[in-house]
Amino acid sequence: MEVPPPEELKQPLVVPYKLLMGPGPSNPPPRVMNALTHPILGHMHEEMFQIMDDIKKGIQYVFQTKSKLTLALSASGHSGMEAIFSNLIEPGDRVLVLVNGYWGQRASDIAKRHGAQVKTLVQIGDTFSIITIDNAIQTFRPKLLFIIHGETSTGVCQPLEGIGEITKRYNCLLAVDTVASLAAVPFKMDAWKIDVAYTGSQKMLQAPAGITPIAFSDRAQHVIFTRKSEVPVYYVDMKILGRQWGCFDSSRTYHHTTCSSLLYALREALALAVEEGLENRIEKQKFCAQKLYEGLQNLGFEFYVEEEYKRLPSVTTVKVPQGINSNEVVAYVMKKFHIDIQGGLGPTAGKVFRIGIMGYNTTPEKVAIVLEALKDALHNCRKSKF
Ligand code: GLV
């Protein structure tokens with residue numbers, strides 16, 4: 001053999017436990033981890049279809065939608081963005097993106113790659129008012145408005161209520177990324193007239209990454225079915241994917257081989273959301289975020305998002321104190337406590353710490369653990385300078 005068997009793969013797999021308190025992924029609960037060990041099923045087996053139907057119902061519940069075109073993409077949260085622009089945009093269409101951090105920047109990049117004329121409204125680390133949005137839609141007349149509900153790079157949560165009324169008035173589609181916000185703050189896809197929403201499995205939903213819930217309104221479905229050109233990316237073509245997921249009144253047809261283990265995990269994660277109830281989960285999130293805010297203030301941190309009502313309760317951003325190197329603190333917390341917190345991303349790189357409280361880790365005990373670790377890290381990383 002010219003390429004010999006690698007020595008590394010003769011060693012056992014070793015995976016340490018880490019407490020994931022960054023912007024995601026988070027640690028799934030035991031019931032979800034156990035679900036990953038069920039026997040593998042074929043993607044076109046009866047039992048798999050039942051599991052997919054259960055998942056659809058669970059996604060409809062967490063999004064608060066009756067959308068028929070609801071399914072989970074076999075890819076990370078990023079695929080939600082690709083699916084939106086691939087299915088709803090054709091070259092030359094106008095897209096308006098609200099950018100309050102890294103993820104909005106990425107959305108505008110993807111929209112451009114699909115040939116859209118893109119306009120951005122930029123307020124890094126801040127929210128947009130209804131008036132600003134209304135004016136921009138009135139003058140630019142986009143086919144689609146794209147919003148990040150919870151920006152993990154800056155820790156901002158964009159209010160959504162009232163925007164759907166505006167987009168409807170101008171025949172504009174409303175697309176929302178809820179990757180980091182769903183089940184942390186209220187979200188009502190149908191009541192808020194949202195045309196397409198997707199979320200991350202690995203954050204508040206408490207499942208592993210790699211499977212992305214997404215739903216399209218009737219209006220969005222009409223746009224997909226009346227496009228002039230084919231959806232350019234086969235992998236996210238909703239007309240074909242929707243048939244595998246039994247979303248239309250037609251028999252199921254093959255699109256791709258789904259990962260049954262991830263679907264079991266997502267099914268159980270959604271079952272946990274149903275059992276706990278969204279309202280309870282959101283209350284718990286608020287309570288734990290409040291505990292974290294108090295603790296961070298006691299440690300002398302300043303918030304990157306000053307007004308509390310603008311903060312995303314699942315990811316808190318605090319300014320890196322003078323004389324402290326954020327990478328050093330992040331590495332210290334990992335090395336000594338095996339806890340994952342993160343520094344900034346994109347426009348906040350080097351400027352903030354990002355502390356996540358998500359899903360199974362949304363408890364006052366986990367908040368206390370991360371605060372203790374930060375206190376120790378600040379003390380030691382400051383000391384090491386002198
Ligand atoms: C992931 O969502 C991140 O913000 O790092």
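1. Arg94 of strand 3 (residues 94-99) stands opposite Gln117 in strand 4. Strand 3 and strand 4 (residues 117-122) pair in the parallel sense over 6 bridges. From strand 3 the chain crosses through helix 4 (residues 102-113) to strand 4, and this β-α-β crossover is right-handed. Two strands are taken to pair if DSSP finds at least two bridges between them. Helices (H or I, at least four residues) and strands (E, at least two) are DSSP runs, numbered from the N terminus. Right-handed means that, with the strands pointing away from the viewer, the path from the first strand over the helix to the second runs clockwise.

2. The model is a predicted one: local features need pLDDT of at least 70, side-chain atom pairs count only at pLDDT 80 or more, and totals for chains, interfaces and linings use all residues. Residue numbers start from 1 along each chain as its sequence is written.

3. A residue is called buried if 20 or more other C-beta atoms lie within 10 Å of its own, exposed if 12 or fewer, and partly exposed in between, with C-beta atoms placed from the backbone.

4. As to the chain overall, there are 12 helices and 14 strands. The radius of gyration is 21 Å, close to the 21 Å that the globule rule gives for 386 residues, so the chain is as compact as a globular protein of that length. This radius is taken over C-alpha atoms, and the rule is 2.2 Å times the number of residues to the power 0.38. Along the principal axes, the C-alpha trace spans about 65 × 60 × 50 Å. Of the 386 residues, 48% count as buried. Among contacts between residues at least 6 apart in sequence, 73% join residues at least 24 apart; a contact requires the C-beta atoms of two residues, placed from the backbone, to lie within 7 Å.

5. The unreviewed UniProt entry lists residues 33-363 for "domain: Aminotransferase class V". Over that range the chain is 38% helix and 16% strand, and the end C-alpha atoms are 19 Å apart. UniProt positions are given in the numbering used here, feature names are shortened, and annotations may be inferred rather than shown by experiment.

6. An open sheet of 3 strands, with antiparallel pairing, has the order 11-14-13. Strand 11 (315-319) and strand 13 (342-343) stand at its edges with a single partner strand each, so one side of each is left without a neighbour in the sheet. Strand 11 and strand 14 run antiparallel and are joined by 5 bridges; here Thr316 stands opposite Ile355.

7. Strand 14 (residues 352-356) also holds Arg354, which the unreviewed UniProt entry lists for "binding site". Arg354 is buried, with 25 other C-beta atoms within 10 Å. Neighbours within four places in sequence aside, its contacts include Gly22, Pro23, Thr152, Gly155, Val315 and Thr317.

8. Gly155 lies in the loop between strand 6 (150-151) and strand 7 (156-157). With 30 C-beta neighbours inside 10 Å, Gly155 counts as buried. Residues up to four places away in sequence not counted, Gly155 touches Arg354, and among its other contacts are Tyr304, Arg311 and Thr316. The C-alpha atoms of Gly155 and Lys239, 84 residues apart along the chain, are separated by 35 Å.

9. Helix 7 (residues 218-225) has Ala220, Gln221 and Val223 as its buried residues. Viewed down the helix axis, these residues fall within an arc of 155°, so they line one face of the helix; the arc is that of the directions from the helix axis to the C-beta atoms. Asp218, His222 and Phe225 are exposed on the other side. The buried residues of helix 7 pack against several elements, including strand 2 (69-73), helix 3 (78-88) and strand 10 (212-216).

10. Lys366 is placed in helix 12 (residues 364-383). Lys366 is buried, with 22 other C-beta atoms within 10 Å. Apart from residues up to four places away in sequence, Lys366 touches Met21, Ile357 and Asn361. The C-alpha atoms of Lys366 and Met21 are separated by 8.4 Å, although the two are 345 residues apart along the chain.
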